[in-house]
Amino acid sequence: MSSSCTFCLLSYMVCLCHYTLTLQWQGKQPKNYTYTELTVTGKDVKACKDQKDMCVLDTDDCGSVSKQGRDTFLNTSCRFVKNEKSFGCKWTYLNDVKTKMMHSFIFTRDKGFTHCPSILNELSAFNLTIKSKDPLNAVERFSEVYSITIENIVQFPRPDGILLNATETSLNVTWIKGWKSKKCLVRYKQSTTNEWMEEEDSKMFHVIEGLRPCSQYNLTVACIGEYGMLSEWSARFQAKTLEGVPTAPPNVSYHVASLDNTFRTQKLLLVWKALETNEARGVILGYEVAYTSTKQPALNKIITNNLKAELEVVPGDYNITLTAHNSAGRSPVRHVRINTASFASLPGVRGLWASTEGDSLRIRWETEKAAVTVSEFAIEWFSLGPAASSQWKRVNGATFSTVLTDSIERLETYTISVYPLYESLCGPSESIQASLENGALLDIVHLQCVNVTKTSVTVRWVWQRKANGTNVLQYRLALSALDESETKSLVVFPHQCQHSFYKLQTNVKYSVSIYGDTKSGNFEKANIEFTTPLYENDEIIKVAVPIVLLICGFGIFSVLSRTIYKDYFFPSIANPSHSLIGRWLLNPFHEKDAVMRVLQLEDFSLTNQVIEKALLQMEHQKFSEKEVADEDTMYLPDNSAVGNDGAENSEASPSLTEYVDLPLFPDNFGYVENCYIPEGTS
């Protein structure tokens, strides 16, 4: 059951669609509207032989008039031109098919016509029917019957011989009329607008007041007689009002910059806005800048046709005047007082970039946050040709992009500068070079990593000028992990030369690339790869330094502990055999000298005697094998042995030599031999 219902529903939908398409296909075709006009004179009108109440343009039209096709004639109007004695009608013809139609007039009157060629006059009245015939399909259509009174549709001849005389704010229009007119209408409009203004006058001239100086106007004139219709409008004439003296001074902004590090020489930049059309009252031929210093009252002048001026000054107070002039005279003076030693300034724009957009250049920029809000931007561009002149454009302070269309040639290279402005303050300009073929003439080279940590990386690149190449809309800096687990991207501009990526993963290999975006896609400009370390250098140092210090401290402690332990618990015991004096005292051979020698101690009591030091050299002689055999004996040579000649001394090679500082005894020192030393002498 359900299957049968579904089949019926589908069949119904198919039939409905087929019927709808059939209706649409066989429906009425859209109508064609044709604007049609037909004008005849009395010699074109012919009479019908058997019908005195009918006059026609074609004798084949004599006969009955059908009512078929009356709805195909719309907006019908007729006129009678007095000086030409012509009768014409205009209408809109509605046709089903686009075919060439043949049109004619059928004139009828109940009381009949006596002479058909003379029915077209100012006193005539008749009924009019318009006939249209399709010769291809043999289809005829007739309009409704129009009641015509020639007196009501008489059209005055249009004025001729118009003369114009212009002043700064008015146009004096004079014309020639062939017939006596009741009044004439003057229509005019400025060439840059589409709105027509209309004024009337009964004379043969009219003065249009309140026009703009140095402006182009289009005007035309039409007149009407005592009766009938308004004449056709005359041919359009163009006239231009004369120039007037400018009514307002230019608004100027300034910026001060130092030309050296000592601030002794400064550059004073003046930027002003072109006068509005109603203020300029003509073509501004140039500007005059005059400035004087309070320290040096001499007047300096600069005449330029540009909208800026650069002055080289020294720190101080300056009085500056600015005027504009055209062929009619000078504008009022703008006075500005500037202290170049103490001044405020606006930050310049950044990120200026240019790209091609059709036959124009689109530029964009960014601004830094400042204490004051930029009210507008001034854009200057000029080509690098010898006869180049600057073009200027002003945009609102909330706008950061604009299109340059004026005077942009395809084979030219342009320098574009942007100035931020706020009232009388001007910021430094930011400039870029661009062309229609290559866009911005800047390229990125030398991409490199300058610092890599375990969670961040800093990359750096260099901007350089390019002669030609791909038209790049913007450059993008992209970071991505090789395992595609992480991707970061941002747009870079000429004021950026490095960037840091943070929150990276440790011990992961990354790739940093610069891409150029174009209208057809993007391309890779440069690419570098790096791996984030597992540990930072400072972390390694923080761990290694305490360990090294601990090891060094432990070593020093061990050495000191060993020395202290040895000194206290295992003290060294002196060995007399290791001392020269000890060996001498232990030598038994000095007993063989039985003579006692005693020094006279009185000689040492001399306080004023200068005692010199003598050097006593004691040498250890080589012991003989017999002497060495006795471990308890030591040989000490006596005076006679020391006094031997050099030959004897050369036979025995000394082993050790010891130098002892002893006082040098004076010559009067003597020895007390074999004497008794009193006890009281000490």
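Let me start with C426, which counts as buried because its relative accessibility is 1%, under the 20% cut-off. C449, by comparison, is partly exposed at 30%. Keep in mind that this is a predicted model.

Now the disulfides. The structure holds 4, and counting bonded cysteines along the chain, the pattern is 1-3, 2-6, 4-5, 7-8.

C48 pairs with C62, with the sulfur atoms 1.9 Å apart. The link of C48 and C62 is left-handed, at -90° about the S-S bond. C48 sits in the loop between β2 and β3, and C62 in the loop between β3 and β4, so this pair ties together parts 14 residues apart in sequence. C48 is buried at 5%, while C62 is partly exposed at 26%.

C55 and C116 are also bonded, sulfur to sulfur 1.8 Å, and their link is left-handed at -75°. C55 is in strand β3 and C116 in the loop between β6 and β7, so the parts tied together are 61 residues apart in sequence. Both C55 and C116 are buried.

C78 joins C89, and here the link is right-handed, at 105°. This one connects strand β4 to strand β5. C78 is buried at 13% and C89 at 0%.

Next, S456, in the loop between β34 and β35. S456 is buried at 12%, and its side chain makes a polar contact with the side chain of T453 at 2.5 Å. Beyond its sequence neighbours within four places, S456 contacts N451, F501, Y502 and L504.

Last, the surface. I564, in helix α3, is partly exposed at 49%. I564 belongs to a nonpolar patch with I556, L560, Y565, Y568 and F569, about 730 Å² of accessible area together.

Notes. Residues numbered from 1 in each chain as written. Predicted model: local features only at pLDDT ≥ 70, side-chain atom pairs only at ≥ 80, totals over all residues. Heavy atoms only, no water. Helix = DSSP H or I, 4+ residues; strand = E, 2+ residues; numbered from the N terminus. Buried < 20%, exposed > 50% of the residue type's maximum accessible area, 1.4 Å probe, protein only. Polar contact = N/O pair within 3.5 Å; in protein donor to acceptor, adjacent residues only side chain to side chain. Contact = heavy atoms within 4.5 Å. Patch = residues over 30% accessible without salt bridge, like charges linked within 9 Å, V, L, I, M, F, W, Y side chains within 5 Å. Areas by Shrake-Rupley, 256 points an atom, 1.4 Å probe, with all protein chains shown as cover. Salt bridge = Lys/Arg side-chain N within 4 Å of Asp/Glu carboxyl O. Disulfide = S-S within 2.5 Å.
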